[in-house]
Amino acid sequence: MAAKGNAVALSSGHEMPTVGLGVWRMEPSAIRGLIHSALRIGYRHFDCAADYQNEAEVGDALAEAFQTGLVKREDLFITTKLWNSDHGHVVEACKDSLKKLRLDYLDLYLVHFPVATRHTGVGTTASALGDDGVLDIDTTISLETTWHAMEDLVSMGLVRSIGISNYDIFLTRDCLAYAKIKPAVNQIETHPYFQRDCLVKFCQKHGICVTAHTPLGGSTANTEWFGSVSCLDDPVIKVSLAEKYGKTPAQLVLRWGLQRNTVVIPKTSKEERLQENFAIFDFAISDEDMEKMKSIDRKYRTNQPAKFWGIDLFA
């Protein structure tokens with residue numbers, strides 16, 4: 001894994017832009033405008049998931065962009081993810097996502113979470129809860145079985161790169177042991193309040209690119225859903241360093257992510273933020289200030305699906 005300009009070379013041999021746009025919680029009616037605006041600004045990397053329930057709207061927006069000549073398919077990097085209830089139906093789930101996205105292939109397909117749950121039908125992504133309100137985990141499907149099905153997608157030409165998401169060091173290590181095609185990416189929550197240096201270093205040591213989801217600490221969105229606090233309001237970021245560099249707290253935090261050699265995929269539903277989040281290539285944070293940011297780590301997860309699953313898989 002090596003950085004090259006504004007892209008990173010993956011172990012699969014393909015390149016991924018270092019800044020992408022996440023579409024989680026993006027209102028379907030707003031997607032067309034946001035994606036077209038992002039393309040005009042320069043975004044070429046879009047992070048989707050079956051669970052976000054807006055792949056079809058993203059697909060329509062992309063199809064229009066191709067048709068009007070706004071961008072070519074080969075210039076884009078499109079990621080989507082296998083949902084928990086489809087671990088036993090990997091090929092069908094991938095084809096369903098491709099159909100909705102109106103694409104012939106994916107640049108990256110990720111195992112969204114390291115857990116298989118009761119199958120509820122391809123394309124359905126509600127949490128599979130038991131009568132007790134706890135996630136109905138399928139103990140007959142191993143992550144190794146899921147991974148080998150992911151590898152089949154590459155040989156079928158449906159996917160160029162495959163990866164994992166929300167895997168810790170132990171699960172990542174196991175994946176490396178049984179993989180014929182090693183994961184190109186591990187997408188995890190990481191930001192100044194949840195730095196996870198050991199996991200980031202482990203992945204990078206073994207040639208796995210780390211993509212930071214929730215790279216701004218969730219901000220308002222995760223405050224609404226999870227009651228979490230955003231690192232954007234931390235005095236070190238908001239007052240001391242953002243003012244020093246003449247940048248917004250969000251720009252500073254995203255730049256910090258790039259300088260850790262991670263890929264960042266901030267999500268926004270505001271067009272003015274699209275430009276702000278992309279304008280992070282014209283400055284560098286000093287080593288001294290990177291150390292200051294390292295000192296504010298709280299080991300604080302802001303995205304906690306236990307709220308929906310009745311069980312904390314990260315416990």
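Predicted model: local features only at pLDDT ≥ 70, side-chain atom pairs only at ≥ 80, totals over all residues.

Biologist: What makes H112 count as buried or exposed?

Modeller: The relative accessible area of H112 is 6%, and buried means under 20%, so H112 is called buried.

Biologist: Which residues does H112 touch, once residues up to four places away in sequence are not counted?

Modeller: With those set aside, H112 touches A49, D51, Y52, K81, L82, W83, S165 and N166, where a contact requires heavy atoms within 4.5 Å.

Biologist: What does the UniProt record say about Y52, and where is Y52 placed?

Modeller: The unreviewed UniProt entry covers Y52 with the annotation "active site", and such annotations may be inferred rather than shown by experiment. In the model, Y52 sits in the loop between β5 (45–47) and α2 (55–67). Y52 has 16% relative accessibility, and because buried means under 20%, Y52 counts as buried. Leaving aside neighbours within four places in sequence, Y52 is in contact with V23, W24, D47, K81 and H112.

Biologist: How do you know that the span of helix α4 agrees with its number of residues?

Modeller: Helix α4 takes in residues 143–155, which makes 13 residues. The expected span is 1.5 Å times one less than the number of residues, so α4 should span 18 Å, and its end C-alpha atoms are 19 Å apart, which agrees. After α4 comes G157, whose phi is positive, near 80°.

Biologist: Which residues of α4 are buried, and what do they pack against?

Modeller: The buried residues of α4 are L143, T146, W147, A149, M150, E151 and L153, and they pack against β6 (77–82), α3 (90–101), β7 (106–111), β8 and α5 (169–178).

Biologist: What makes the sheet an open one, and in which order do its strands come?

Modeller: Eight strands form the open sheet, in the order β4-β5-β6-β7-β8-β9-β10-β11, with parallel pairing. Its edge strands are β4 (21–22) and β11 (263–264), each of which pairs on one side only.

Biologist: Why is strand β10 called mostly covered?

Modeller: Strand β10 (residues 209–213) has five of its five residues buried, which means that each is under 20% relative accessible area. C209, T211 and H213 point one way from β10, while V210 and A212 point the other way, and all are buried.

Biologist: How many cavities of 30 Å³ or more are counted, and which residues line the largest cavity?

Modeller: The count comes to one cavity of 30 Å³ or more, and the largest cavity has a volume of about 40 Å³. Its lining is formed by A50, Q53, E55, D86, A93, D96, S97, K100, V122, G123 and T125, and α3 gives the most to that lining, with four residues.

How values were computed
Residues numbered from 1 in each chain as written. Heavy atoms only, no water. Pairing = 2+ DSSP bridges. Helix = DSSP H or I, 4+ residues; strand = E, 2+ residues; numbered from the N terminus. Buried < 20%, exposed > 50% of the residue type's maximum accessible area, 1.4 Å probe, protein only. 1 Å grid on protein atoms, 1.4 Å probe; cavity = no way out; pocket = protein on both sides within 12 Å on 5 of 7 lines; lining within 4 Å. Points joined across faces, edges and corners; volume = space filled by probe spheres on them.
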